[in-house]
Amino acid sequence: MATPWRTLGKCRFLMNASKTAAAKTTATTTAAPKPLKGILKPMPISPILKDFLGGAPEASRTEAVKKVWEYIKLHNLQNPSNKKEIICDQKLKTLFSGKDTVGFLEIARLLSQHFVKSG
């Protein structure tokens, strides 16, 4: 293995790996994965969202928003004159409570009604 040399101006010195960096890499590789929380945690979803996502019984909020954006991009549903506005087709109208147009900031709020609260 080649020695990592570093040149700074006209001086040349040897760079050593720090002991703390080596300790951090071994600590992170042996730790168990953290459980998903918040918007990353898969939750039960409504039948309407289940049909939209392809039949999955549960999904995370981030995954649902990501799939909706994929659908919007695939079907070119953004308003060409105002990219912040989504023009809903029939499939999105059922998902977004019958609205004809939706602002892109409203998507997450409108999807929240499709996540079943388990209490």
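Figure 1. The protein chain exposes about 9000 Å², of which carbon and sulfur atoms supply 60%; accessible areas come from the Shrake-Rupley method with a 1.4 Å probe, and for residues only the protein chains shown count as cover. The model is predicted, so local features need pLDDT of at least 70 and side-chain atom pairs count only at pLDDT 80 or more, whereas totals for chains, interfaces and linings use all residues. Residues are numbered from 1 along each chain as its sequence is written, and side-chain values use heavy atoms, with hydrogens and water left out. Of the 119 residues of the protein chain, 22% count as buried (under 20% relative accessible area; exposed is over 50%, partly exposed in between, with a 1.4 Å probe and protein chains only).

**Figure 2. Helix H3, residues 61-74.** Helices (H or I, at least four residues) and strands (E, at least two) are DSSP runs, numbered from the N terminus. At 1.5 Å a residue, the 14 residues of H3 should span 20 Å, which agrees with the 20 Å between its end C-alpha atoms; the expected span is 1.5 Å times one less than the number of residues. Just after H3, Asn76 takes a positive phi of about 50°.

Figure 3. Ala64, Val68, Tyr71 and Ile72 are buried in H3. Seen down the helix axis, the buried residues fall within an arc of 100°, so they line one face of H3; the arc is that of the directions from the axis to the C-beta atoms.
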